[in-house]
Amino acid sequence: MSLTAFLQRLALTVAAVVGIVLVVRLADVLLLVFGAILVAVLLHAVAAPLRDRTPLGRTALGRTASLVVAVVVCGAVIAAAVWAFGRQLEMQLANLADLLPSAWAELEARLARSALGDLLLQEAGRLSGPDGGWLSLAPKFAANAATAMAATLIVIFAGLYLAFHPRAYAEGLVRLFPRPGRAQATEVLDATNEALKRWLIGQLLSMGLVGATTTLGLWLVGVPPPIGLGVLAGVGQFVPVVGPMAAAVPGLLVALATGPQTLVLAGAVYLAAAQLEANLVTPLMLRRMAELPMAVTLFAVLGMGVLLGPLGVLFATPLAVVAYVIVGKVYVEGVLGDPPEPMARARRRDRPG
């Protein structure tokens, strides 16, 4: 081996190691970049009907105008929701914050009556620490909330930049690939964009349905505050399995403080909302909009949570959608030479019924 070839291989190895270290160190930043991409994809999905079905899509200025309309529509929908429900939601969330400590105290009292419950309380006390108990975590929660708000604003503004200049960023990414592979890279980017768009639409429909049904059900069974708990249930739907379970905990605690019968009814409401989503939204909407096997989703949530922490859990499903498309396009079609239809048929065989 010549000295030049050796130095080239050494440089490639060093570059690969440095790249891996940078990815690990900047994982949170890269996930925020991915969140900005999701914002841009959502805006383009809203603008698509206006761009594709009107003369606006024929010119660059018209396409920009359709995107401006999409931004205005999204902003108007958020503003209208805040105007219609913001004050009531704020009051109900404040009411929920007041109810949760008493609900937790009621749960502690019930657990303390049994030996097993008392043991669980002792373990929980050890986890909470000797100084201040669970209340000592409040400053940390407040700091995390402030950080999350700042990160959300960054993601939104970065998403706007990406939405208005997608071609420049996409072409810059494609130019990182060797010339023979740029056509395939462009195809993979287009397929990934389409898959993310369909997943986002289906996910928003799922979140809206679960939030509305949970709010209505909790209002009917008398669990306060129904709107606040319904919003938590809808937002929790963004993260499969983990999100709905975490979102149900506050409602069940409040229901427990009201009485055992209310607890059973509240549990039935959450179960009914979950079954409605699983048997209506998933088969009829999500599976047509984003073809992703449920087992892949579950392992993605687990794996991203272990590797990347809370942000990894938050973006686990869309990251799994991206990985699924890349594997299908690059490996199944590019390396194996097989079309993606056999994967779809295998997925259909795995579905019950």
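## Overall surface and fold

The protein chain has an accessible surface of about 21,700 Å², and 72% of that surface belongs to carbon and sulfur atoms; the areas come from the Shrake-Rupley method with a 1.4 Å probe, and for residues only the protein chains shown count as cover. This is a predicted model, in which local features need pLDDT of at least 70 and side-chain atom pairs count only at pLDDT 80 or more, while totals for chains, interfaces and linings use all residues. Residues are numbered from 1 along each chain as its sequence is written, and side-chain values use heavy atoms, with hydrogens and water left out.

The secondary structure consists of 14 helices and zero strands, where helices (H or I, at least four residues) and strands (E, at least two) are DSSP runs numbered from the N terminus. Of the 353 residues in the protein chain, 29% count as buried; buried means under 20% relative accessible area, exposed over 50%, and partly exposed in between (1.4 Å probe, protein chains only). Among contacts in the protein chain with a separation of 6 or more, 67% are made by residues 24 or more positions apart, a contact being heavy atoms within 4.5 Å.

## Salt bridges

The structure holds three salt bridges, each defined as a side-chain nitrogen of Lys or Arg within 4 Å of a carboxyl oxygen of Asp or Glu. In one of them, Lys329 pairs with Glu187, and the closest N and O atoms are 3.5 Å apart. Lys329 belongs to helix α13 (residues 316-335) and Glu187 to helix α7 (residues 182-221), so this pair ties together parts that are 142 residues apart in sequence. Both partners are partly exposed: Lys329 has a relative accessibility of 22%, and Glu187 has a relative accessible area of 41%.

Lys329 also forms a salt bridge with Glu333, with an N to O distance of 3.6 Å. These two residues are four residues apart in helix α13, a separation of about one helical turn. Glu333 is partly exposed at 25% relative accessibility.

Glu194 and Lys197 are three residues apart, about one turn of the helix. Glu194 is partly exposed, its relative accessible area being 33%.

## Packing of α2 against α13

The axes of helix α2 (residues 27-53) and α13 come within 11 Å and cross at roughly 80°. Axes are lines fitted to C-alpha atoms, for helices over the stretch in contact, and angles run from 0 to 180 degrees between N-to-C directions. The two helices, α2 and α13, are therefore roughly perpendicular to each other; angles under 35 degrees count as roughly parallel, over 145 as roughly antiparallel, 65 to 115 as roughly perpendicular and the rest as oblique.

On the α2 side, Leu31, Phe34 and Leu38 meet Pro318, Leu319 and Val322 of α13. By class, this contact of α2 with α13 comprises six nonpolar, no polar and no charged residues. Ala, Val, Leu, Ile, Met, Phe, Trp, Tyr, Cys and Pro count as nonpolar, Asp, Glu, Lys and Arg as charged, and the others, Gly among them, as polar.

## Surroundings of Leu42

Leu42 is also located in helix α2 and is partly exposed, with a relative accessible area of 26%. Not counting residues up to four places away in sequence, Leu42 touches Leu200 and Leu204. The C-alpha atoms of Leu42 and Leu200 are separated by 6.9 Å, although these residues are 158 residues apart along the chain.
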